[in-house]
Amino acid sequence: MKLMGECLGPGRGELRQRAGVPGLPERSALLLSPRLLPALQLLLWHCALWTVHEATPLGPARSLPQGFLLKCLEQVRKIQADGAELQERLCAAHKLCHPEELVLLGHSLGIPQAPLSSCSSQSLQLTSCLDQLHSGLFLYEGLLQALEGISPELAPTLDTLQLDVTDFATNIWLQMEDLGVAPAVQPTQGTMPTFTSAFQRRAGGVLVASKLQSFLELAYRVLRYLAEP
């Protein structure tokens with residue numbers, strides 16, 4: 001916008017000074033400097049191009065392939081179904097049906113919630129959003145690994161959920177590499193909660209599945225927004 005100010009900002013007195021004829025009316029100054037006209041036209045043309053560029057920024061959806069977005073939406077729905085199955089089986093087998101009743105235990109166990117603040121439609125930042133999405137999936141991958149041994153009957157459901165989360169995280173990472181925005185080194189897993197009893201592991205399963213579902217709901221909304229034509 002500085003260029004626009006330089007194009008349109010000078011006052012009449014300043015224009016006379018630039019024409020090199022101080023004290024003459026501005027019309028006389030312009031008439032006495034016909035060689036300035038082509039340069040002035042070129043400058044105004046550049047200003048017009050700059051204004052159009054500023055007014056029509058490239059939308060974030062145009063930066064991501066449609067096939068990638070549709071695959072992501074499919075993966076989100078698959079993981080949501082896996083998580084719902086885990087929640088239902090924990091509820092049926094162990095009467096752990098209400099995550100809100102386990103919030104205090106979740107705090108004491110140190111089960112985190114992955115953020116997606118960069119993916120809100122009001123302040124969408126594509127690179128940061130992809131990074132947060134990958135980091136969140138990587139976090140939940142580690143939390144699901146920490147639940148291993150939850151119970152023999154739930155192990156296949158947990159394994160499927162963990163594998164689908166890993167595949168989704170890999171898909172996001174590969175797209176970040178294609179865009180040239182992937183970090184130089186993949187993130188490493190931080191300290192995971194330690195479950196010291198069967199009850200803590202099962203309650204942890206309810207809380208992790210619940211937090212993962214909330215994370216995926218936000219992810220699904222932003223991916224669907226980006227996939228809109």
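**Close-up 1. Asp-82, a buried residue of helix 5.** Asp-82 has a relative accessible area of 7% and counts as buried; here buried means under 20% relative accessible area, exposed means over 50%, and partly exposed is in between, using a 1.4 Å probe and protein chains only. Asp-82 sits in helix 5, where helices (H or I, at least four residues) are DSSP runs numbered from the N terminus. Setting aside neighbours within four places in sequence, Asp-82 is in contact with Thr-157, Thr-160, Leu-161 and Asp-164, contact being heavy atoms within 4.5 Å. This is a predicted model, in which local features need pLDDT of at least 70 and side-chain atom pairs count only at pLDDT 80 or more, while totals for chains, interfaces and linings use all residues. Residues are numbered from 1 along each chain as its sequence is written, and side-chain values use heavy atoms, with hydrogens and water left out.

**Close-up 2. Glu-88, an exposed residue of helix 5.** Find Glu-88 in helix 5. Glu-88 is exposed, at 56% relative accessible area.

**Close-up 3. The largest nonpolar core.** This core holds 53 residues; a nonpolar core is a set of buried Ala, Val, Leu, Ile, Met, Phe, Trp, Tyr and Cys residues joined through side-chain atoms within 4.5 Å. Touching the most other members are Leu-133, Leu-137, Phe-168, Ile-172, Phe-215 and Leu-223. Two or more residues each come from helix 5 (66–94), helix 6 (103–109), helix 7 (126–146), helix 8 (155–179) and helix 9 (198–227). Helix 9 gives the largest share, 14 residues.

**Close-up 4. Around Ile-172.** Not counting residues up to four places away in sequence, Ile-172 touches Phe-68, Cys-72, Leu-130, Leu-133, His-134 and Leu-137. One of these partners, Cys-72, is buried at 0% relative accessibility.

**Close-up 5. The disulfide of Cys-91 and Cys-97.** The model has 2 disulfides, each being a pair of cysteine sulfur atoms within 2.5 Å. One of them joins Cys-91 to Cys-97, with S to S 2.0 Å. The torsion about this S-S bond is about 90 degrees, so the link is right-handed. Cys-91 is partly exposed at 24%, and Cys-97 is partly exposed at 32%.

**Close-up 6. The disulfide of Cys-119 and Cys-129.** Here the S to S distance is 1.9 Å. Cys-119 lies in the loop between helix 6 and helix 7 and Cys-129 lies in helix 7, so the pair ties together parts that are 10 residues apart in sequence. With 110 degrees about the S-S bond, this link is right-handed. Both cysteines are buried.
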